[in-house]
Structure formats: C-alpha cells, structure tokens
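Me: I am new to this structure and would like to go through it in short questions. Please show it first.

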Amino acid sequence: MARPQALMIQIATGDPRPISKQIVDAVRMKIATAELAPGDQLPSVRGLAQQLTVNPNTVAKAYAELTGEGWLESRQGLGLYVATPRQRLSDAERERRLDDAIGRFVNDVIALDYPPGEVQARLELEFRALAPRRSA
Amino acid sequence: MSEPSSDFVIETEALCKRYGNKLALDDLDLRIPRGRIHAVVGANGAGKSTLFRILLGFLPQTSGQARILGRDSSALKPEDRGRIGFVNEEHTLPGWMTVGAVAAMQRHQYALWRQEAFDEVIGHYHVLMEQKVGQLSRGERAGFNLALALAQSPELLVLDEPTLGLDVVAKRAFLESLLYGNAAEQCTVIYCSHQMEEVERVADNLVILEHGRLVNMSAPDDFRARVSHWIADLPFKGPDPRSVPGLLEQQRLDGLQHYVVLDQGEAFGDFLRAAGARSMQSMPVSLDRAVNGFLAKNHAAPAREDVR
C-alpha cells in the first residue's frame, strides 16, 4: 500500500501570514520545485496537523485552497494527491507576477553591489540545482 | 425559563456583575456556538474569570442572564455539571491523595466515565497510579487534570490558562491530547489564554473581551486582517493622535511615524497624504501584534503630569 509522501515543511507563529497560508505557500513551493511530483500523496489532515502542532481545521483549510486552485486533487476515499500540472494562471497574471517577483529581487540585490553578470551566474546555478530534482 | 438551546454552549444576555463601583461584566451579550475550539482572550481584569465563575454557578450575577449548555447557570444540577469539564491554571487537586485514588473517586462520581479516554491522555505523561498528587510536576498535574476532565465525557471543556508555567514538552503533550486525541473529539472547547502563540495554533474562533464587554468574535485570521501597520514620513510630529482613524498604537522611530490601525483600508493612505506624508508603506501584522495592539488601546494609564 502506497504511503503519503513526507512533507518537510515548517510553520511559524507570530508571522503576518496565517498558518494556513504558510502551509499553502510551502506546498506550492514543493510542487513548483518538483520535490512533490504529480501523483504523490499528501499527508492526512490529522497527520500534518499533528506534525506541525496546529488545529486540524487549519490544515483542512489550506488543503481546500490548494485543491480549489488545482494544485491538489482528491481521490474518493483515498486522500489528496498532487494534481497533474496545467497552467493555473492567465498569461496576463503570470506576466504580472513575474514582473513583481523580479522587481522585488532587483530591489533586494541592487544594494548588495554585485556586478550584474555575477548575479545572473548565481541565478543560473540556482535554477540548474532545481533541475535534477525535477527529473528524479 | 426559555427552552434549553442546543446551538450554543454559552449564552449570556445583558449580563452584568458589579463589585462595588466597578463593573466587571458590562451588559455582556455572548453566544458561543457548539463545536470547535474557541479562544477567549482579554487583558487582566477584562472579566474572563468573573464570567466563568458566573457561568459555572460559583458566583451570582448582578443582573442579566447566563446559560451554559442551555441551563440557567444559577440552577445547575449535578448531572449538568457532569457535562462540563473544567481545567484551571492552578491544577488544584488534593495533594495527599494518590493519582489512582483521585481517578477512582472521579470514576465513581461521573456516570459517563470513559476509562480509555483517561488512559489515552495520561499516557502522554510519566505518571504512576501510586504516586501522590503532591509529588507530580506542574506539567504532570496539568495532564492529570485534563485526563480527569476528558474522562467524564464532557460536552463542554473549559480551560483557563491551562498551560501557564508549563515547559515546552509538557505544553506540547497537553496540546496534542487536546487536538488529536479521540478523547476530546466530541466536545466544544473554551480556551482562555494570554499566549497568542498557542491561540494561533489551536483556535477556530477568537473571542475578545474588554472591560466586561464582547469586542470581537471571528476566526483569528479575520481579526488579524482587520489590523494593519503603516509607516509614514510625516513632517514634525504628525497629526493629532485623536484625529487618526482607527488608531491602536503609534510610535515615532528614527523620524518615521509608525501607526497600527484597525479597520482601515487604502483610505488610510489618503489620510496620511492629507496630513503631509512624503512617503508611506503598509504591511500586515501577526496575530500576536493585532491582539496586543487592540488590547493596549484602551489600557488604563496613569494621568500624565506633562499634559497639564
């Protein structure tokens, strides 16, 4: 019998993001970096709640949001699984989010005073580090 | 008397309690629905302890109505009390009795005693039945108390600062039995605590009392979303604090004015601009900051000499 994938995530109290939002962000990140692959089973609501010492309703809320956005799918009586990827955002929205993210990144990095070429090389390395996990 | 309602575990109407000239509960209307975990927070003196003493029938109210599990609080029968579990911060139990003897006494007392619930909760702690209660650590006493309360199969479990003074391990064990055990599955939990870290982890609903009145009842995240933190570059000292809408806290740091405000949308930016702000930013706050800012707002402070 297949077991749920371990979900190595951390949450913090005292964060401006609600705990359910922290879980949503963490799971999305795992999927985006292919640490979680389509077809992987998520921990049960109770299991993840216990792992993080939070109210099970908080985990249920995060899972509902992830399911609503198409990141997860539920299989009748079996649990929740990572859904097969499809483009979840409109082109305009993707464009907007990319602009935002680049804007934030440039703002953070500009003050560090590295030559742009070096920053680009480091970025390239980071992306390459993600790649092997994707094919694993 | 009205019909016992099953929708609310706690219902008060225009409940007042006066100690001399001081109103501990001020026309309090509170309805807590059945099911889930409800955190009750408030500054010291907000009326939490008075409220629970009245609800449990230990103290008469000055006026108004108080019902618990649909029963009038002033006329609770032993079988009604059996439906309510209560754990307080003191974990007061007879120190000279053994754990086993106390458990046997309670088992005898409560018709719906569930030994498996008791065993499940006490299993989180290294407690021996032949140990004297007085020899238990604070954390063990808390766990023992919770085990006793849950074993009576309560419909309502009232926890008053139950984890105060417990170490990290004992706290975690306590929360685990409460959140994931089968023992607590069927009951509504009222959780009074000052510890926002715990409230954030456990609460489905956040009830805030202030000066004996109900000032918030919503999901914790919804409450947090009502509060925001603005930082503005304002000339001189900025506008008169009394003119700042929704102000909870303000501070001037490194020449910048910080405001924590309630229920202010983007319009607060317009207010700051009108007040001469050269630049401004806003950000969300943590639950801890939101609640503490809210409670600090009306906190009594000695009259300041320098304002005369």
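Me: Which residues touch the most other members of the largest nonpolar core?
Reply: This is a predicted model, in which local features need pLDDT of at least 70, side-chain atom pairs count only at pLDDT 80 or more, and totals for chains, interfaces and linings use all residues. Residues are numbered from 1 along each chain as its sequence is written, with chains lettered from A and ligands numbered from 1 in the order in which they are written. A nonpolar core is a set of buried Ala, Val, Leu, Ile, Met, Phe, Trp, Tyr and Cys residues joined through C-beta atoms within 7 Å, where buried means that 20 or more other C-beta atoms, placed from the backbone, lie within 10 Å of the residue's own. Of the 100 residues in the largest one, those with the most such neighbours are B:Ala39, B:Ala147, B:Leu150, B:Val189 and B:Tyr191.

Me: Which helix gives the most to this core?
Reply: Helices are DSSP runs of H or I with at least four residues, and strands are runs of E with at least two, numbered from the N terminus. With eight residues, the top contributor is helix 5 (residues 138–151) of chain B.

Me: What is the order of the open sheet of four strands in chain B?
Reply: Two strands pair if DSSP finds at least two bridges between them. Strand 12 (247–253) and strand 14 (279–284) of chain B each pair on one side only, as edge strands. The pairing is antiparallel, and the order is 12-13-11-14.

Me: Which residue takes a positive phi in the hairpin of strand 9 and strand 10 of chain B?
Reply: Strand 9 (residues 205–210) and strand 10 (residues 213–218) of chain B pair in the antiparallel sense over five bridges. Two residues lie between the strands, and the one with a positive phi near 50° is B:His211.

Me: Which helix of chain A gives the most to the side that touches chain B?
Reply: Residues are in contact if their C-beta atoms, placed from the backbone, lie within 7 Å. By that rule, 14 residues of chain A are in contact with 18 residues of chain B. Helix 2 (45–52) and helix 3 (56–68) of chain A give two or more residues each to this side. With three residues, the one that gives the most is helix 2 of chain A.

Conventions: Buried ≥ 20, exposed ≤ 12 C-beta atoms within 10 Å, placed from the backbone. Contact = placed C-beta atoms within 7 Å.
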